[in-house]
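Reader: I have a structure open and I'd like to go through it with you. Can I start with single residues and get to the overall picture later?

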Amino acid sequence: MEKLDENGLNKSTRILLLVGVLIISLNLRPALAAIGPLIELIGADLNLSEALLGLLTTLPLIAFGVVSTITPVFTKKFGIGNTLLGSLILLTLGIIIRSADGIFPLYFGTVLLGIAIAFGNVLIPALIKRNFPHKAGLVTSLYTGVMSLGASIAAGLSFPLATEFNLGWKGSLAIWTVFSILAIIIWIPNIKRIKRTPPRRSFFIAMKKLSGSLLVWKLALYMGLQSFAFYTVLAWLPSILIGKGMDANYAGWMLSLSQVTGIIGAMVIPIWAGKRKDQRLVILVLSIIEIVSLICIMIPQIGLIELWISLIGIVLGGTFGLALLLIVLRSDDAETAAELSGIVQSIGYFVAATGPFAVGVIYDLTHVWNYALVLLIFVGILKLTMGFGVGKDQKV
């Protein structure tokens, strides 16, 4: 008889559960990554300012911040599996509504899909801690790698779908329901594979304990600063490159390139970091690469733009995977991982939410994109400072 693990699963059912986790992961970025390449088309069609366009990336981050903290409330009542199913259904509705005609559906649908993605962001690390604790680095690398793959596909195809395939920006945004519907179909059989256990403590007791920990706040700020950089690049990289004289199609493909190389970072960095008890060296290397690459993008005369964009992608993918891995490594059990993931991502995404909107406002005031890059360099330095605090081997 095949040996069962502590969750009552054999090898084949663990693989099926992992496939379900990865198909959910595939849905956590396309709805967001599709906006950047289409931002100029949306703005021209609806007559929106750069600041208002920045809200299309900022609103999901605000939703992440609000929903992440209360996600454990849903899991304690409905379980992780059912909560994730509900989030996939909400994601599908959000994408459909956002693709309707008009400004209100655009922003309302954006809020709904942001809420949906927030559940996935919080709960996947908890699932990894619960069902794959001895392979946390590998499974986190697969999870973040597939997330980056989804972002890359959306970033690369959104503009061609809108223009060359004549779908328009609405049709280009709507097409990502294909992924979410597929995820619903694959996830439903996995719900029964996730054993529900009674919570050991109330939501409020857990939040009180975690919010009093300095390590939790450092981890939250590290998460927030890396997400600040990621979503700012996701929203504005094409516009920054267009402002430096490059055409829109090339700029869209450079965003796609950053997401493709992000897959490399998301796959490699968690495995590297997961083999180490102390992750500070990993954090230092990533920070140096990020800051140097941003400086080089500021000075187009240096050339090699594809190289610097590729390195930025590796760093952004790697730091995101590392931040999620740190949540797993700093937790003692799955319940703590869900609670820690919730509070860390809530605080972190409130920090991140200021990024795309702030850059839009800065450009509206100055019409100089280099100020955005200077801001990202400053954020990189702060991220290194916070990273040194969370890289040491310790538990919450």
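Reader: Which helix is Lys170 found in?
Author: Lys170 is in helix 8. Keep in mind that this is a predicted model.

Reader: How exposed is Lys170?
Author: Lys170 is partly exposed, with a relative accessible area of 25%.

Reader: And what does Lys170 touch, not counting residues up to four places away in sequence?
Author: Lys170 touches Asp45, Ser99, Ala100 and Asp101.

Reader: What separates the C-alpha atoms of Lys170 and Leu90?
Author: The two C-alpha atoms are separated by 18 Å, and Lys170 and Leu90 are 80 residues apart along the chain.

Reader: Let's move to loops. Where does Asn166 lie?
Author: Asn166 sits in the loop between helix 7 (136-163) and helix 8 (168-174). Asn166 is exposed, at a relative accessible area of 66%.

Reader: What about the phi of Asn166?
Author: Phi of Asn166 is positive, about 55 degrees, although Asn166 is not a glycine. Most residues other than glycine have a negative phi. Asn47 also has a positive phi, near 60 degrees.

Reader: Where is Asn47, then?
Author: Asn47 is in the loop between helix 3 (35-46) and helix 4 (50-78). Asn47 is exposed, with a relative accessible area of 72%.

Reader: Now Asn121. Buried or exposed?
Author: Asn121 counts as buried because its relative accessibility is 0%, and the cut-off for buried is under 20%. Asn121 belongs to helix 6 (residues 103-131).

Reader: What is Asn121 in contact with, leaving aside its neighbours within four places in sequence?
Author: The list for Asn121 is Leu28, Arg29, Phe64, Tyr143, Met147, Ser341, Gln345 and Tyr349.

Reader: And Ile291, buried or exposed?
Author: Ile291 has a relative accessible area of 19%, so Ile291 is buried. Ile291 lies in helix 13 (residues 280-298). Leaving out residues up to four places away in sequence, Ile291 touches Ile377, Gly380 and Ile381.

Reader: How many residues are in the largest nonpolar core?
Author: The largest nonpolar core has 131 residues. Its largest share, 18 residues, comes from helix 11 (residues 214-243). Nonpolar side chains tend to be buried together in soluble globular proteins.

Reader: Which residues have the most contacts inside that core?
Author: Those are Ile42, Trp187, Leu322 and Val344. Leaving aside neighbours within four places in sequence, Leu322 is in contact with several residues, among them Tyr222, Ile269, Pro270 and Leu286.

Reader: Time for the overall picture. How many helices and strands does the protein have?
Author: The secondary structure comes to 16 helices and zero strands.

Reader: How much of the protein counts as buried?
Author: Of the 396 residues, 60% count as buried. The accessible surface is about 15,100 Å², and 72% of that surface belongs to carbon and sulfur atoms.

Reader: Last one. How many positive and negative side chains are there?
Author: There are 29 positive and 18 negative side chains, and the centres of the two sets lie 13 Å apart.

Methods:
Residues numbered from 1 in each chain as written. Predicted model: local features only at pLDDT ≥ 70, side-chain atom pairs only at ≥ 80, totals over all residues. Heavy atoms only, no water. Helix = DSSP H or I, 4+ residues; strand = E, 2+ residues; numbered from the N terminus. Buried < 20%, exposed > 50% of the residue type's maximum accessible area, 1.4 Å probe, protein only. Areas by Shrake-Rupley, 256 points an atom, 1.4 Å probe, with all protein chains shown as cover. Lys, Arg positive; Asp, Glu negative; His and termini not counted. Charge placed at Lys NZ, Arg CZ, Asp CG, Glu CD. Contact = heavy atoms within 4.5 Å. Core = buried A, V, L, I, M, F, W, Y, C linked by side-chain atoms within 4.5 Å.
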